[in-house]
Amino acid sequence: MKAKSFLRASSLEEAYKLVKESPRNKIVAGGLWLKKGNADVDTLIDLSLLGLDKIEDKKDYVEVGAMVSQRELEKSPLIPEVIREATKSIMGPAFREIATIGGSVYGKYGFSDIVTVLLAHHVELVFYPEAVITLDEYVKKPGFYDGILTNMRIFKDKNKAYFKKVEITALDYPILNVAVVKGKEYKVVVGSRPLVAALCENSMKYLNEGGKDFAHAAELAVEELKFGDSIATKSSYRKQLALTYVRRALEEVSK
Ligand SMILES: Cc1cc2nc3c(=O)[nH]c(=O)nc-3n(C[C@H](O)[C@H](O)[C@H](O)COP(=O)(O)OP(=O)(O)OC[C@H]3O[C@@H](n4cnc5c(N)ncnc54)[C@H](O)[C@@H]3O)c2cc1C
């Protein structure tokens, strides 16, 4: 990536004005993913002076600023254990000190551990200037929202949760992710197929209507989602993994 200039924004308004001015002006968070690409950027817009680096208890939900690092998230006692564990599975601590939650969620990467585990929770995204949408809506929406992601709200819910990252070697990208939460209802998510994580609606309907056959629920999940090939592995292997880990996840959260 090459950038002509760098601006540390002094307000969201200033940052948003620049984003709207040209698609060649880009928000930079941790910059780790941006740096991997070969985009030509006019202005990199940094949000680090805008107070978006806090994790706060807001009674019904925990609010996580977009500039909170993965490392801060995994260390915070306000964050559900399963989300902390999934975050810890990404690269090493030095990497996670730099990578941000905003960059991770906004990018909705096909290999994202974080999006997989968050999708199994009730999560809302707050964008400047004025949108609040669920993570599920954001993930399903084609393309990217053109505002600035300022915060994420993780709603509180008593639940049992499971997360599995399957990778070929430690520190690798996942070849499959599974997250299952049993709170008021079941939520079943499969990610890294290698497409971005998705809720398994048919499987969840079966379980939330009282279905108890977890192997069948896993089959429904595999039938309803698309799986693809990548350099790392084939779709047929991903499907086998999903059958096993969705069933196992359901057994775990139902104990
Ligand atoms: C080598 C490598 C290995 C990785 N391995 C994994 C892995 O195994 N599992 C996993 O889940 N993730 C993995 N990731 C992704 C990583 O965890 C982060 O999600 C990623 O680096 C983005 O975070 P960042 O802070 O670096 O964002 P940046 O690179 O700064 O930004 C990413 C994108 O988001 C936009 N953006 C950032 N913040 C905002 C905002 N607030 N509002 C609007 N747009 C915004 C930027 O303009 C850019 O387009 C990997 C990344 C790298 C580079």
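1. Pro129 sits in the loop that runs between strand E6 (123–128) and strand E7 (131–134), and the peptide bond that joins Tyr128 to Pro129 is cis, with omega at about 15 degrees. As this is a predicted model, I would ask that the cis assignment between Tyr128 and Pro129 be reported as a feature of the prediction.

2. A cis peptide bond also joins Arg193 and Pro194, where omega is about 5 degrees. Pro194 belongs to the loop between strand E11 (186–191) and strand E12 (198–199).

3. Lys59, although it is not a glycine, has a positive phi of about 75 degrees. The residue is placed in the loop between strand E4 (55–57) and strand E5 (61–65).

4. Turning to the ligand, the space that it takes is the largest pocket of the model. Around the ligand there are 32 residues, of which Ile27, Gly31, Thr100, Ser104 and Asp113 come nearest. Strand E2 (25–28), helix H2 (32–36), helix H6 (101–106) and strand E8 (148–155) each contribute at least two residues to this shell.

5. What is the make-up of the shell around the ligand in terms of nonpolar, polar and charged residues? The shell divides into 19 nonpolar residues, nine polar ones and four charged ones.

6. A polar backbone atom of Ala29 is 2.8 Å from an oxygen atom of the ligand, a backbone N or O atom of Gly31 lies 2.7 Å from an oxygen atom of the ligand, and for Leu34 the corresponding distance from a backbone N or O atom to a ligand oxygen is 2.9 Å. The ligand exposes 970 Å² when taken alone, and the protein buries 92% of that area.

7. The count of aromatic pairs comes to 10. Because Tyr106 lies in helix H6 and Tyr138 in helix H8 (residues 135–140), the pair ties together parts that are 32 residues apart in sequence. Helix H6 is also among the elements that supply at least two residues of the shell around the ligand.

Technical notes. Residues are numbered from 1 along each chain as its sequence is written. This is a predicted model: local features need pLDDT of at least 70, side-chain atom pairs count only at pLDDT 80 or more; totals for chains, interfaces and linings use all residues. Side-chain values use heavy atoms; hydrogens and water are left out. A residue is near a molecule or strand if one of its heavy atoms lies within 4 Å of it. A polar contact is a pair of N or O atoms within 3.5 Å; within protein, one must be able to donate a hydrogen and the other to accept it, and residues adjacent in sequence count only if both atoms are side-chain atoms. Accessible areas come from the Shrake-Rupley method with a 1.4 Å probe; for residues, only the protein chains shown count as cover. On a 1 Å grid over the protein atoms alone, a cavity is a set of points where a 1.4 Å probe fits but cannot get out, and a pocket is an open set with protein on both sides within 12 Å along at least five of seven lines; lining residues have an atom within 4 Å of a point. A molecule sits in a cavity or pocket if more than half of its atoms lie within 2 Å of its grid points. Helices (H or I, at least four residues) and strands (E, at least two) are DSSP runs, numbered from the N terminus. Ala, Val, Leu, Ile, Met, Phe, Trp, Tyr, Cys and Pro count as nonpolar, Asp, Glu, Lys and Arg as charged, and the others, Gly among them, as polar. Rings of Phe, Tyr and Trp (its six-membered ring) pair if their centres lie within 6.5 Å; planes under 30 degrees apart count as stacked, over 60 as edge-to-face and the rest as tilted.
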